[in-house]
Amino acid sequence: MIIRILLPVVLAISWIGVADARMYRWIDEDGTTVYSQSPPASGEAAEIKINTSTAPTGNKAEDETPAASDNPSQADTQQPAEGPSKAEIAESNRIKSENCASARHNLDLYSNLGNRLVKTPDGLYKRLTEEERQQKIADSKTQIGEFCGK
């Protein structure tokens, strides 16, 4: 019985340290950029913010690229990002295609719906008013324009 209580507590405590991870960046005497979980003895280091969530961020390159003010000597030598890889482009196209098919299906559904019930995200059924149905049709057309390229 005590193990059932103690095990979740130990696991929760071990995850607290992971959530508070910090990284530091500094340049050593040889001019090499050093990344570490602890600051140097001199104490002159820039703290790097780390996103520990699994949710996608708005701009990944912005989070990882050091600011020009952090090290003016290297600001001129930084090269721009190369862009998305072929795998990322293929995945994006796959998702876009799925969204296009879904938007077309929704347009067909709402256009031919009539006075039928629609299942809401919370699992309940609802009869749409004509204004709601027209709004869903307009939303589907907007999504088709965005995902299908038309």
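# Strands, bridges and a disulfide

Me: Let's start with the strands: what stands opposite Arg25 in strand 2?
Reply: Opposite Arg25 stands Tyr35 of strand 2, where helices (H or I, at least four residues) and strands (E, at least two) are DSSP runs, numbered from the N terminus. This is a predicted model, in which local features need pLDDT of at least 70 and side-chain atom pairs count only at pLDDT 80 or more, while totals for chains, interfaces and linings use all residues. Residues are numbered from 1 along each chain as its sequence is written, and side-chain values use heavy atoms, with hydrogens and water left out.

Me: How many bridges join strand 1 to strand 2?
Reply: Strand 1 and strand 2 (residues 33-36) run antiparallel and are joined by four bridges; two strands count as paired if DSSP finds at least two bridges between them. Thr33 in strand 2 is the residue that stands opposite Ile27.

Me: And what about the hairpin, which residue takes a positive phi there?
Reply: That is Gly31, with a phi near 85°, in the hairpin of strand 1 and strand 2, which has five residues between the strands.

Me: Where does strand 3 come in?
Reply: Strand 3 (residues 46-48) pairs with strand 1 (residues 23-27) in the antiparallel sense, over three bridges. Within strand 3, Glu47 is the bridge partner of Tyr24.

Me: Switching to cysteines, which ones form a disulfide?
Reply: Cys100 and Cys148 do, with their sulfur atoms 1.8 Å apart, and the count comes to one disulfide when the rule is a pair of cysteine sulfur atoms within 2.5 Å. The pair links distant parts of the chain, since Cys100 is in helix 3 (residues 86-111) and Cys148 is in the segment after helix 4 (130-147), 48 residues apart.

Me: Why is the disulfide right-handed?
Reply: The torsion about the S-S bond of Cys100 and Cys148 is about 110°, so the disulfide is right-handed.

Me: Are those two cysteines buried or exposed?
Reply: Both Cys100 and Cys148 are buried, a term that means under 20% relative accessible area, with exposed meaning over 50% and partly exposed in between (1.4 Å probe, protein chains only).

Me: OK, salt bridges next: how many are there?
Reply: The count comes to four salt bridges, taking a salt bridge as a side-chain nitrogen of Lys or Arg within 4 Å of a carboxyl oxygen of Asp or Glu. Among them, the side chains of Glu91 and Arg94 meet at 2.6 Å, N to O, and those of Arg94 and Glu98 meet at 2.4 Å, N to O.

Me: How far apart in helix 3 are Glu91 and Arg94?
Reply: Glu91 and Arg94 are three residues apart in helix 3, which means that about one helical turn separates them. Arg94 and Glu98 are four residues apart in helix 3, again with about one helical turn between them. As for accessibility, Glu91 is partly exposed at 37%, Arg94 is partly exposed at 39%, and Glu98 is partly exposed at 45%.

Me: Which residue forms a salt bridge with Arg133?
Reply: Glu130 does, and the closest N and O atoms of the two are 3.0 Å apart. Glu130 and Arg133 lie three residues apart in helix 4, so about one helical turn separates them. Glu130 counts as partly exposed at 43% relative accessibility, whereas Arg133 counts as buried at 12%.

Me: Last topic: which residues form the nonpolar patch on the surface?
Reply: Ile2, Ile3, Leu6, Leu7, Val10 and Leu11 form the patch, with about 620 Å² of accessible area together. Patches are made of residues with over 30% relative accessible area and no salt bridge, with like charges joined within 9 Å and nonpolar side chains (Val, Leu, Ile, Met, Phe, Trp, Tyr) within 5 Å; the areas come from the Shrake-Rupley method with a 1.4 Å probe, and for residues only the protein chains shown count as cover. One of these residues, Ile2, lies in helix 1 (residues 2-19) and is exposed, with a relative accessible area of 65%.
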